[in-house]
Amino acid sequence: MPPFGMLWASSRPRRCSPGPAPTGCNRSTSQDWSLRRSPIGIHAPGIPISTPMWLSQTRSRRWMAGGWRSMDGCCSRLASLPPRPTPLERQLTEALRVRFAERPATDASKRPVREIVGVDPQLNARWSSRRVGIEARRSVLATDFRTHGRPPTPVEAIGLAQQATLETRDAKHEPRRFAEQRGTWHEQAVEVLGSSEAVNRMANGALFRGEPAGVRVTARWVNERTEVVLGQVQQRRATWQTWHLRAEAQRRVRSANVAADRVGDLVQLIVDGAVDRSVSLATDRDQIRAPTDLLRRDGSSVYHVAGSDLFTSEAVLDAEQRIVDASGRTGGARVGDDVVDLALAECGAHGTASNPGQTALVRQMATTAYGSS
């Protein structure tokens, strides 16, 4: 499986006139085989974005033509990401007739990992040594962080993971030709499996297996998948954007019998349905109707950042209202100080020690009249 191409946006020096900017960028791709310690992995692409664009008379509206403009690069990071696994899976399935399946999860809080059926787990472990090193260092950093008297917050945990990634990164090897890189991979596979014959048997077993046709896509199936997508997203967050819906929709169409070039259309259909069922929380819209020349194809103003709208659902709003209503009630169930002390001690014994503020919050909520009914 070749790595993703590296996306670059190149342009001349900025020379822009006043006015709203269109969205989009020129791009080119190149292959990079100089991977660090993850020889079979997909290299995360570098995506430097340069926003100036030259607008010609034939490619743009007349009033915009004939000069440099600056595009809105706020959402280019999300819009320019590599293809998500679902269309990639479909392309590989059609080209090589491999079959994907979920690997047994070791952490229920994380999404299951999908792998090609027939690839030896020992090879997956061998070619994931980079991840093992990162996780080991991240665990050490998280333990050291507890000297602050509390565990790291989610944002701080991301920072620790990034620090671990940088601290465990080795220098890149010298550039290699594709044939040389394939030879290196083959040598490593032989080292793990024992012989070239074993490698060939494994490859033959993984390739051209065929795949069940999948679920037939109908209007009812799309409606059911839309409800599942919305339900999964609202279980994990109180607000979301279309990017979150799209990521979940990608996961839900993997079982569908649809060609690779139609996956995007099917995903968009589910996303549109989920947006229609969501409650918009957009607050930066005004009642002024922008001129036609200042509208995008979907009818939105160019002054509104594409994809930035927040959504929620009636179920989330109802749950929040129940919490607000319950917060003013008294006479709820209470527990004694000894029960709270025992619970806090048990948390500390399992590595989740509370700081004084957290301890006071737990004690106040559990032992006063404002406890849960």
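Is Glu89 buried or exposed, and what is its relative accessible area? Glu89 is buried, with a relative accessible area of 9%; buried denotes under 20% relative accessible area, exposed over 50%, and partly exposed the range in between, using a 1.4 Å probe and protein chains only.

## Basis of the model

This is a predicted model, in which local features need pLDDT of at least 70 and side-chain atom pairs count only at pLDDT 80 or more, while totals for chains, interfaces and linings use all residues. Residues are numbered from 1 along each chain as its sequence is written, and side-chain values use heavy atoms, with hydrogens and water left out.

## Salt bridges

A salt bridge is counted when a side-chain nitrogen of Lys or Arg is within 4 Å of a carboxyl oxygen of Asp or Glu. The count by this rule is 14 salt bridges. One of them joins Glu89 to Arg114, with 2.8 Å between the closest N and O atoms. Glu89 belongs to helix α2 (residues 85-96) and Arg114 to strand β4 (residues 114-116), so this pair ties together parts that are 25 residues apart in sequence. Helices (H or I, at least four residues) and strands (E, at least two) are DSSP runs, numbered from the N terminus. Arg114 is partly exposed, at 25% relative accessibility.

A network of salt bridges links Arg111, Glu248, Arg251 and Arg252. Within it, the closest N and O atoms of Arg111 and Glu248 are 2.5 Å apart. Arg111 is in the loop between β3 (100-102) and β4, and Glu248 is in helix α9, so the pair ties together parts that are 137 residues apart in sequence. Glu248 also meets Arg252 in a salt bridge of 2.9 Å, N to O; these two residues both lie in helix α9, four residues apart, about one turn of the helix. Glu248 is buried at 2% relative accessible area, whereas Arg111 is partly exposed at 31% and Arg252 is partly exposed at 26%.

## Helix α8

Helix α8 (residues 219-236) has 18 residues, which should span 26 Å at 1.5 Å a residue, and its end C-alpha atoms are 26 Å apart, which agrees. The expected span is 1.5 Å times one less than the number of residues. The buried residues of α8 include Trp221, Arg225, Leu230 and Val233. Among the elements that cover the buried residues of α8 are α9 (242-252) and α10 (263-277), where contact requires heavy atoms within 4.5 Å.
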